[in-house]
Amino acid sequence: MGKVKIKRKSTLIDMTAMSDVTVLLLTFFMLTSTFLQKEPVTVITPSSVSEIKVPTANVVNVLVSPAGQVFLGLNGDAENAEEWGSEAIRGEVLQTMAADYKAKTGKDAGITNVDILKFQKNATFGVPIEKMHEFLMLDQTKQDEFLAQTADKPVVLGNLKPSDVGIPFKDIVYKDEAGNSIVTNQFQMWMRAIYNSKNTNIHDAIQKGEGIAVKSDRGTKYETIQKVLDNLQTIKMNKFSVMTALKTEAD
Amino acid sequence: MAQIEQSSGGKQKKGAQKKMSIHVDFTPMVDMNMLLITFFMLCTTMIKSQTLSISLPTNEKVQQEDLQKAKESEAVTLILDTTYDENGGVKDNTVYYYFGQPLFEKSGDKITSSSIMVSKFEGNVGKELKGIRQILHNRNEEVLRQVEEQKDKWRNKQITEEQFQEAAKKIRNNSELTRPVVIIKPLNNASWESVIAALDEMQINQISRYQIGIPSPEDLGMVEATPEYQKAHANDKQ
């Protein structure tokens, strides 16, 4: 009987095909992905049947936390990104806001050029303008830590107290040219600064009602959001959109 | 595939190197790619959020008065209320509603009303409409029927989607049909979810005229007097 010869086979598996597939998949995910924007509070939006997509350019995101703190996020123009990208418009708005604050209260917010550069990098902001300088002087991790603090773990950094999280709605009374007393607040001033930006696209978007997106958690009480809606109505920005998730149940 | 074959043709030169195949091991490359894919898969937001557009009246006094003038026969008032569990999560959304002007009796501080009714956001159960959707559907029947006719035409490819949208818009704003005017009045502790659910019902039921208002003292009194409200808020007062 002849010996059965077992042919010795190499155990090497050719990985080239596998590698091809993974690279393709990787390319797909890299090109289609949009990263989650960093937000100080995580909210779960209520669901609706509306199928209008959230615009990513020329939009002000008004984020209302369940505790009633209000944060603003500003996205600039996508088409005209060089002139009016997010960074350019954020810089312009901060300058307008600081000037407006000085004109209305007589106090200088002390915003420096370095502050403007730092502010441009922040997707979301929400501290009183008078503390903005101090806030922007902190490094990124400290800023995040400050904005994301919870009631049971308060964070105090210098003059920045837990009550300084969110844009204040405290009345600011000033006199116009005719000498009439007018009541406003920092939220209204920010919104006006954005509306009056030299970038006319964001101006048009707000007029059409696409430029403002209010986002809040499904469990937030209406009285909390009413404050924001009421202020928007006061400055005649009464057309806006609210962010919702797509309804999953069959309708 | 991953090996490079060296030419075997030609004369073998003296002192030429021994033929060997070069294997490139792709396993680490695949490993790395898989890691990257996992990263991108986890970090991407596949579902983009949707928006619901709303327009509110301005805060000016004149227009506030106009709001109250909505035709009584057409007016539907929804008063929203929410109860929360111990962790602050939404337990239940309730809708109190009445048509036109409510009838109520005042005796001291107490207001009782026979016209106030209670419902919930229940949506559809199978094909059947439930809760507040059923009520609003009945109120806006004429519009919904006509929109449905247009929708059938669109389904049968008789008209394009744009034509359907345009026709639907025309029907929604046709003042010859009986259309309701819905006034949504969220109580202070109503959840944002319930407000959106109410606005959503407007979309579903093709109601073009609606507004968000603030409940009047009478509204509050009537709601508080209902047994449903007292039952839901029995634990709050302790």
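Two residues are said to be in contact when they have heavy atoms within 4.5 Å of each other. By that definition, residues 24 or more positions apart account for 61% of the contacts in chain B with a separation of 6 or more. The model is a predicted one.

## Chain B

Chain B has 238 residues, of which 38% count as buried. Its secondary structure consists of 8 helices and 12 strands.

## The interface with chain A

On the side of chain B, 50 residues are in contact with chain A, and 52 residues of chain A take part in return. Together the two chains bury about 4900 Å² between them, and carbon and sulfur atoms make up 64% of this area. Three residues, Gln50(B), Thr51(B) and Trp192(B), supply 18% of the area that chain B buries against chain A, more than any other three residues.

Polar contacts join 7 residue pairs between chain B and chain A, counted where both residues are at pLDDT 80 or more. Several elements of chain B supply at least two residues each to the side that touches chain A: helix 1 (27-43), strand 3 (50-55) and helix 6 (192-204). The largest share, 11 residues, comes from helix 1 of chain B.

Strand 9 of chain A, residues 239-246, pairs with strand 3 of chain B in the antiparallel sense over 6 bridges. Within this pairing, Leu52(B), in strand 3 of chain B, is the bridge partner of Val242(A).

## Salt bridges

Side chains of opposite charge can pair when their charged atoms come close. Over all chains, the structure holds 10 salt bridges.

| Salt bridge | N to O distance |
|---|---|
| Asp92(B) and Lys120(B) | 3.1 Å |
| Asp152(B) and Arg155(B) | 3.2 Å |
| Lys185(B) and Asp219(B) | 2.8 Å |

The salt bridge between Asp92(B) and Lys120(B) links distant parts of the chain, with Asp92(B) in strand 5 (residues 90-99) and Lys120(B) in strand 8 (residues 117-120), 28 residues apart. Asp92(B) is partly exposed, at a relative accessible area of 30%. Lys120(B) is likewise partly exposed, at 31% relative accessibility.

Asp152(B) and Arg155(B), in contrast, both belong to helix 4 (residues 141-155) of chain B and stand 3 residues apart, about one turn of the helix. How exposed is Asp152(B)? Its relative accessible area is 37%, so Asp152(B) counts as partly exposed. Arg155(B) has a relative accessible area of 52% and is therefore exposed, because the class begins over 50%.

The salt bridge of Lys185(B) with Asp219(B) again links distant parts of the chain: Lys185(B) lies in strand 11 (residues 181-186) and Asp219(B) in helix 7 (residues 217-225), 34 residues apart. Are these two residues buried or exposed? Both Lys185(B) and Asp219(B) are buried. Elsewhere in chain B, salt bridges that share partners join Glu148(B), Asp152(B) and Arg155(B) into one network.

Note on methods:
Residues numbered from 1 in each chain as written. Chains lettered and ligands numbered in written order. Predicted model: local features only at pLDDT ≥ 70, side-chain atom pairs only at ≥ 80, totals over all residues. Heavy atoms only, no water. Buried area = accessible area lost by both parts, 1.4 Å probe. Polar contact = N/O pair within 3.5 Å; in protein donor to acceptor, adjacent residues only side chain to side chain. Helix = DSSP H or I, 4+ residues; strand = E, 2+ residues; numbered from the N terminus. Pairing = 2+ DSSP bridges. Salt bridge = Lys/Arg side-chain N within 4 Å of Asp/Glu carboxyl O. Buried < 20%, exposed > 50% of the residue type's maximum accessible area, 1.4 Å probe, protein only.
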